[in-house]
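Dear colleague,

I am handing over the structure we spoke about, and below it I set out what was found. Please read the notes with the coordinates open beside them.

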Amino acid sequence: MAGQDDADRCVPDVPETTIPVFKRLCAPLGYATKRQLRAMGLRPGGQDPVAEVETRGPKNGLLYEIAKARLVRPMTLAKEFALDRAMAARQTCGTCRRRYFFVLPTSLKSCLECHDGTPADPSSYTAPPAPAAHRLAA
Ligand SMILES: [Zn+2]
């Protein structure tokens, strides 16, 4: 690490970058983005990004060391269940209890059909759970 005194005093006052930034497609071997790690079945595993790489977009991609990456933890049934419960909450209409295959707009708190009568495509939702009809003698 170079000391503060070694810095060129003519360099404009820009926020100090602490990790190297590579040009697009010029990242060295051994580094990968989160997405690339995931494609290899790996995750960063708590390590901080070691470099950035320029992208087509406005933000740089963060690079992690492949050697320090850990294996992706396998999905457990409990994890899958929790994920589905979270998605169900976002996809279920609070009024008609239909579960749609897409996330409902949070501003409406119901599906479009319940909100303004726009008929919903029957293939876009699953049947609402059957009402708790008791089978006791009437
Ligand atoms: Zn509805």
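Thr-92 is buried, because its relative accessible area of 19% falls under the 20% limit for that class. In this model, which is a predicted one, Thr-92 belongs to the loop that connects helix 2 (77-91) with strand 7 (99-100). A polar atom of the Thr-92 side chain lies 2.6 Å from the backbone oxygen of Ala-88. If residues up to four places away in sequence are set aside, Thr-92 touches Arg-97, Arg-98, Arg-99 and Leu-104.

Beyond its neighbours within four places in sequence, Gln-91 is in contact with Arg-98, Arg-99, Tyr-100, Phe-101, Phe-102, Val-103 and Leu-104.

Next comes the metal site. The zinc ion has as its protein donors the SG atoms of Cys-93, Cys-96, Cys-111 and Cys-114, which lie 2.2 to 2.3 Å from the ion. The angles that these four donor atoms subtend around the zinc ion run from 104 to 114°, and the arrangement is therefore tetrahedral. For comparison, the ideal angle for four tetrahedral donors is 109.5 degrees. Along the sequence, the donor residues follow the spacing C-x2-C-x14-C-x2-C. Since Cys-93 sits in the loop between helix 2 and strand 7, while Cys-111 sits in the loop between strand 7 and helix 3 (112-116), the pair ties together parts of the chain that are 18 residues apart in sequence.

Cys-93 and Cys-111 are both buried, and both belong to the largest nonpolar core, whose six residues are Cys-93, Tyr-100, Leu-104, Cys-111, Ala-120 and Tyr-125. Apart from that core lies another, of five residues, including Ala-32, Leu-37, Tyr-64 and Ala-69. As background, nonpolar side chains in soluble globular proteins tend to be buried together. Cys-93 itself, leaving aside its neighbours within four places in sequence, is in contact with Arg-98, Tyr-100, Leu-104, Ser-110, Cys-111 and Cys-114.

Which residues does Ala-32 contact, once its neighbours within four places in sequence are left aside? They are Leu-37, Met-40, Leu-62, Leu-63, Tyr-64 and Ile-66. Ala-32 is found in strand 2, and its relative accessible area of 2% makes it buried. The C-alpha atoms of Ala-32 and Pro-44, which are twelve residues apart along the chain, are separated by 9.4 Å.

Strand 2 leads on to the sheet. Four strands form an open sheet in the order 1-4-5-2, with mixed pairing. Strand 1 (21-22) and strand 2 (31-32) stand at its edges, and because each has a single partner strand, one side of each is left without a neighbour in the sheet. Strand 4 (residues 51-53) pairs with strand 5 (residues 61-65) in the antiparallel sense, over three bridges; here Glu-52 stands opposite Leu-62, and Val-53 stands opposite Gly-61. Strand 2 and strand 5 also run antiparallel and are joined by two bridges, and Tyr-31 stands opposite Glu-65 of strand 5.

Finally, some values for the chain as a whole. The chain holds three helices and eight strands, and from the N terminus on its elements run β-β-α-β-β-β-β-α-β-α-β. Of the 138 residues in the chain, 18% are buried. Among contacts with a separation of 6 or more, 50% are accounted for by residues 24 or more positions apart.

With best regards

Conventions: Residues numbered from 1 in each chain as written. Predicted model: local features only at pLDDT ≥ 70, side-chain atom pairs only at ≥ 80, totals over all residues. Heavy atoms only, no water. Buried < 20%, exposed > 50% of the residue type's maximum accessible area, 1.4 Å probe, protein only. Polar contact = N/O pair within 3.5 Å; in protein donor to acceptor, adjacent residues only side chain to side chain. Contact = heavy atoms within 4.5 Å. Pairing = 2+ DSSP bridges. Core = buried A, V, L, I, M, F, W, Y, C linked by side-chain atoms within 4.5 Å. Donors = N, O, S within 2.8 Å, 3.2 Å for Na, K, Ca; no water. Tetrahedral: all angles 85-135°; square planar, octahedral: opposite > 155°, others 65-115°.
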